[in-house]
Amino acid sequence: MTDHILSEKSNGVLTLTMNRPEKKNALTRVMYQALADGILGAEQDKDVRCVLIQAEGDMFTAGNDLADFAAVNSGQSAANDARREGNPLLAALAVAKIPLVAAVNGRAVGVGTTMLLHCDLVYVSDDALLTTPFVNLALVPEAASSITLPSRIGHARAFAMFVLGEAVDAQKAVAWGIANAAVPRAELRAKARAAAEAVAGRPRAAVAATKALMRDPEGLAQRMAEEGVHFSAQLKSAEAKEAFAAFAEKRAPDFSKVG
């Protein structure tokens, strides 16, 4: 693990905690890899029957660190090489057999929301806010969310989230089937922990088979690959350059100047 991803194992549950609160838990390449290693490693550990993902601070995650995206857009070779390798967390989520539980405190942006669509149980604080503002950054959905989100909440709602950047609060997240329950923030970790331990107490093979029957790993991986082609192209586009410049300059982007 890394200092920015903490790992703790007890009572059949591996808890992975995003620990970069000073940066709103914005995810770096190292953090993605640590989360992926934790999930895939848990499947090989006979003492682990469930993985719980949570975060320190007042925000679940601000999504991908925009500095990494901006570096790819500007043509820095190291960043481009890392992007071509793909996101290890997304690959792990596509094939994960072990049950995943999420405790979402506060805002979850971009991949912070799309990863929830791969979790088997999701609990959110009652002040949670889920957003997928990919198009705002001239990007496209990832984590196979272009199929998982509309299949979960419907095309119109998903399009509004992706293209208009519309936020979904805790109550809507529950009503739309993204989350199981919304609870006061002070109760969130206990609620998610109890659920994870309950899952860990069930027969492991039966749980794994049930999850496998509910998912299509090959289809998810294929869609992630398709999204990745478009994502990489957009990440290096003039549209993205304008989006990142606007973000850095704290102004609204003007895409009328592009293309």
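**A walk through the predicted model**

Helix α4 is mostly covered, since six of its eight residues are buried, where buried means under 20% relative accessible area, exposed over 50% and partly exposed in between, with a 1.4 Å probe and protein chains only. Helices (H or I, at least four residues) and strands (E, at least two) are DSSP runs, numbered from the N terminus. The buried residues of α4 are Pro88, Leu89, Leu90, Ala92, Leu93 and Ala94, and what covers them includes α1, β4, α5 (111-114) and α11, with contact meaning heavy atoms within 4.5 Å.

This is a predicted model, in which local features need pLDDT of at least 70 and side-chain atom pairs count only at pLDDT 80 or more, while totals for chains, interfaces and linings use all residues. Residues are numbered from 1 along each chain as its sequence is written, and side-chain values use heavy atoms, with hydrogens and water left out.

The interior comes next. A nonpolar core is a set of buried Ala, Val, Leu, Ile, Met, Phe, Trp, Tyr and Cys residues joined through side-chain atoms within 4.5 Å. The largest nonpolar core has 61 residues, of which Ile39, Val51, Phe60 and Val104 touch the most other members. Helix α1 (residues 29-42) supplies the largest share of this core, six residues. Another core, of 15 residues, lies apart from it and has Val13, Ala103, Leu188 and Val199 among its members.

Gln54, in strand β3 (residues 50-55), counts as buried at 8% relative accessibility. Leaving aside neighbours within four places in sequence, Gln54 is in contact with Thr15, Leu16, Thr17, Met18, Phe60, Ala103 and Arg189.

One aromatic pair is found in a search of the whole structure; rings of Phe, Tyr and Trp (its six-membered ring) pair if their centres lie within 6.5 Å, and planes under 30 degrees apart count as stacked, over 60 as edge-to-face and the rest as tilted. The pair is tilted, because the rings of Phe134 and Phe162 have their centres 6.2 Å apart and their planes at 45°. Phe134 lies in the loop between β7 (129-131) and α6 (145-153), whereas Phe162 lies in helix α7 (residues 155-163), so the pair ties together parts that are 28 residues apart in sequence. Both Phe134 and Phe162 are buried.

On a 1 Å grid over the protein atoms alone, a pocket is an open set of points where a 1.4 Å probe fits, with protein on both sides within 12 Å along at least five of seven lines, and lining residues have an atom within 4 Å of a point. Of the 37 residues that line the largest pocket, Asn64, Phe69, Phe134, Glu142 and Phe231 are the closest to its centre. Helix α11 gives the most to this lining, with seven residues.

The second largest pocket has about 440 Å³ of space. Among the 21 residues that line the second largest pocket, those closest to its centre are Cys119, Asp120, Lys211, Met214 and Arg215. Helix α6 contributes the largest share of this lining, four residues.

Two asparagines remain. Asn11, in the loop between β1 (5-10) and β2 (13-18), has phi near 50°, a positive value in a residue other than glycine, and Asn11 is exposed, with a relative accessible area of 59%. Asn25, in the loop between β2 and α1, has phi near 55°, also positive in a residue other than glycine, but Asn25 counts as buried at 0% relative accessibility.

Definitions and conventions. Grid points are joined across faces, edges and corners, and a volume is the space filled by probe spheres set on the points.
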